[in-house]
Amino acid sequence: MVRRRGSIPAVIVVLNAGAAAAAGIAAAFSQPHPLDGLAASSATATSSGVPPVPIPPWYSDPGLSRDRGHVIPADGGFDYRPSIEDDGSGDGGVGLSPKMMDVMRRPTSRIIPFRGIEAYVRRLEGVKQVEPLLLRYENCDPRWFGDDSNTISWLGRLRSVDDEGDVREEDAAGEQEEADYFAVDISHSSSDGSAAFVALAAEGVESSPVRNFGDAMPSRTHAALLASANGLLSFHRAHRFCSRCGSPTAQTKAGSARRCTDSSCGTSVYPRIDPAVIMLITSPCGEHALLGRNRRWPAGRYSTLAGFAEVGETLEECVARETREETGVEVDPASIRFVASQPWPFPRSVMVGFTGRALADACPGGEGATIGDDDGDAGLPTIFIDPAELDDARWFGREYVQANGLVEGRGSSALDFEPDEEEAEFHVPGPASLARLLITKWVTTGNTGDNGEKGK
């Protein structure tokens, strides 16, 4: 897909709707959720042997509270301000607001260190899995929080869990302990042999861009925390100066925004979210899926098509336009159905997943490249690849995708993935990607057409 200027999606609430409109809205929300059937089959491996996919999609955690009222400075000022006694900075310069420091120092709070775009993680012993390096405040270098060139962002709040992952009991007052999570970018801190930096260099600890770890994290919470941290820290790196007057900006609202430091300007800026569609387009019969590959991907990776929404178009219109631009295939507008959405802060997107079906009358009679079916390419729409958008695109048969793509342990969403010989021929993204969910939905449920029915 070709990246285009993003816009900020808005949630629109319709008030005082007429009776007919209200009835239509109620009917829409009473329909079965697109993932209902898939959720049941994904709780365990399906009878057909297809590995389960995470539902809701990865990088999200419904249990992660985003209410930051308890950590935002009470005066509404900048997060960093002149140090006060015992703020932990150790240099008498600047320090984080007392409110942020109080929350960060709690025994249940955890801090995830980043160095630029790379997150620190710990490789789990004996398995190909990782977890973020979660540090208590006392295990960090206090100078990380006494230098306003470092960025620290509050990520969210969860009910506190013990070392076994079980939710802690209520305290004597009947209140449930909660854990706050932060991320700190230590790019501007020196590696001087302090205990904190020794911990970052310990055996089993490594760093890499978050996207390369997505499929290797067993915890939904950890995946959501690292993804949120990646998006927020990327935002701070990109907005060091005011777009209106050019003055430096500084972080505010516990690292969720920045504001111009020129008091005569005071412009605030918030993280931008670029909406993009990702779609599983099937043949008119529903037995083939249109998958493409980007030349920057590891060898053999094929995935669903995707593209950024443009100003003035609906997401459904974006599905049809991007499919046409990238492959020349026309999509039946009436077949386009929403499936699920996924945060994709790499650096600032939200992916909105759809299914759709190619128009039968747009098929000139069998010139489409196909893989894995018994009928050749007869009856499949022709593919015209735009080399500026895709390296390749083909129609893949359902059985081929299941046998060669949806296999336990095969495939990955990482950009640094090194495929084996079979994967270098064909593989699909790993379970961290919404693409994998869309492909699995198609293979296991056959829901490819209008009203969740098979294409005709």
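**Aspartate 332**

I found aspartate 332 in the loop between helix H6 (315–327) and strand E15 (337–344). Helices (H or I, at least four residues) and strands (E, at least two) are DSSP runs, numbered from the N terminus. The model is predicted, so local features need pLDDT of at least 70 and side-chain atom pairs pLDDT 80 or more, while totals for chains, interfaces and linings use all residues. Residues are numbered from 1 along each chain as its sequence is written, and side-chain values use heavy atoms, without hydrogens and water.

Is aspartate 332 buried or exposed? Aspartate 332 is buried, at 18% relative accessible area. Buried means under 20%, exposed over 50%, partly exposed in between (1.4 Å probe, protein chains only). Its side chain reaches the backbone nitrogen of alanine 334 at 3.1 Å. I left aside neighbours within four places in sequence and looked for contacts (heavy atoms within 4.5 Å). Aspartate 332 touches Arg357, Ala358 and Leu359.

**Cores**

I looked up the largest nonpolar core and got 53 residues. A core here is a set of buried Ala, Val, Leu, Ile, Met, Phe, Trp, Tyr and Cys residues joined through side-chain atoms within 4.5 Å. Among those with the most contacts inside it are Phe114, Leu226 and Val401. Helix H5 (residues 220–238) gives the largest share, eight residues. A second, separate core has 25 residues, including Leu96 and Ile152.

**Cysteines**

I searched the whole structure for disulfides (cysteine sulfur atoms within 2.5 Å) and found zero. For cysteine 265, the nearest cysteine sulfur is that of cysteine 242, 3.8 Å away. Cysteine 265 is partly exposed at 24% relative accessibility, and cysteine 140 is buried at 6%.

Technical notes. Polar contact = N/O pair within 3.5 Å; in protein donor to acceptor, adjacent residues only side chain to side chain.
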